[in-house]
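Let's go through this one by asking and answering. Grab your viewer and follow along.

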Amino acid sequence: MVVRRKFVSEVRAALRSAAVPEDAAPMQAYMKSEMPFLGVKKTPRNQALRPLLAALPALPWEDVRDTTLELWRKAEFREERYAALAFVRKTPHPRKYYVPAALPMFEEMIVTGAWWDYVDEIAAHCVGPVVRSDPKAMSKTMRRWSKGDDLWKRRTSILCQLRFKEATDLKLLEDCMAPSIDSKEFFLRKAIGWALRDLTRFHPGWVVAYVKKHEARLSGLSRREALRNLDPHGSK
């Protein structure tokens, strides 16, 4: 409790000290954000948070969860939510926390964040490791998310394997893309293209075959993104 309160207070003070107020409005406009910015761009934000994160002791999961959610839920500025993500990713030995018990927290952050800057980082760097920790159970959850009404959970299900490389579960990816393949929603079309493009580094033949099989249904955006890094014959 003491560590959490101290850390949250220090984070807020560090962000305010690093803020450039005249940058706040342009940052908010670029991100199309209802939540205001303090005016702390990525590099100075990382510099401000680095010593605080480096000084953290190993923490029990309950403290990690409560600290993350306090920063997230009580954020007045968008940078405070970025700090919550930095904390949960940089706390000592973070991977031990990326287990199914953490998924409700990440789900809350996805649903309440509801924008690409939060969701893409959570999908690849947080939900992805949770899926790795228990592939059988979490694959079922990702398939359920892919069919749900929440746009950002659907996007997460498509992007959660971005860092899996050769170990990508191709059937899971295909199943998570399937409910969104006909969608006109930009963020789902983009996610499909991004996931496929990333996979061309490891399974180019599979990507080419997938695009060919679904060519009539894939959006132009998804096709272009998928094949951007391939030559016309489907090789790197």
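Q: Which charged end sits over the ring of phenylalanine 164, and how far is it from the ring's centre?
A: A charge counts as sitting over a ring if NZ of Lys or CZ of Arg is within 6 Å of the ring centre and within 35 degrees of the ring normal. Over phenylalanine 164 that charged end belongs to arginine 132, and its distance from the ring centre is 4.1 Å.

Q: What ground rules apply here?
A: This is a predicted model, so local features need pLDDT of at least 70 and side-chain atom pairs count only at pLDDT 80 or more, while totals for chains, interfaces and linings use all residues. Residues are numbered from 1 along each chain as its sequence is written, and side-chain values use heavy atoms, with hydrogens and water left out.

Q: How many aromatic pairs turn up in the whole structure?
A: Rings of Phe, Tyr and Trp (its six-membered ring) pair if their centres lie within 6.5 Å; planes under 30 degrees apart are stacked, over 60 edge-to-face, and the rest tilted. Searching the whole structure that way gives 11.

Q: Is the pair of phenylalanine 7 and phenylalanine 87 stacked, edge-to-face or tilted?
A: Phenylalanine 7 is in helix α1 (residues 2-18) and phenylalanine 87 in helix α5 (residues 78-90), so their pair ties together parts 80 residues apart in sequence; helices here are DSSP runs (H or I, at least four residues). The ring centres are 5.0 Å apart and the planes are at 45°, so the pair is tilted.

Q: What kind of aromatic pair do phenylalanine 186 and phenylalanine 187 form?
A: Phenylalanine 186 is partly exposed at 44% relative accessible area, whereas phenylalanine 187 is buried at 15%. The cut-offs there are under 20% for buried, over 50% for exposed and partly exposed in between (1.4 Å probe, protein chains only). With 5.2 Å centre to centre and 80° between the planes, the pair is edge-to-face.

Q: Which residues have the most contacts inside the largest nonpolar core?
A: A nonpolar core is a set of buried Ala, Val, Leu, Ile, Met, Phe, Trp, Tyr and Cys residues joined through side-chain atoms within 4.5 Å. The largest one has 75 residues, and those with the most contacts inside it are Phe106, Ile122, Val127 and Ile158. Helix α7 (residues 116-133) gives the most to this core, with 9 residues.

Q: Which residues does threonine 156 touch, skipping those up to four places away in sequence?
A: Threonine 156 is in helix α9 (residues 151-159) and is buried, at 0% relative accessibility. Taking contact as heavy atoms within 4.5 Å, threonine 156 touches Ile110, Val119, Ala123, Val127 and Trp145.

Q: Is arginine 73 buried or exposed?
A: Arginine 73 belongs to helix α4, and its side chain makes a polar contact of 2.7 Å with that of glutamate 108. Such a contact is a pair of N or O atoms within 3.5 Å; within protein, one must be able to donate a hydrogen and the other to accept it, and residues adjacent in sequence count only if both atoms are side-chain atoms. At 53% relative accessibility, arginine 73 counts as exposed.

Q: Which residues is leucine 52 in contact with, leaving aside neighbours within four places in sequence?
A: Leucine 52 sits in helix α3 (residues 42-54) and is buried, with a relative accessible area of 17%. Its contacts are Phe7, Glu10, Val11 and Ala14.

Notes
Helix = DSSP H or I, 4+ residues; strand = E, 2+ residues; numbered from the N terminus.
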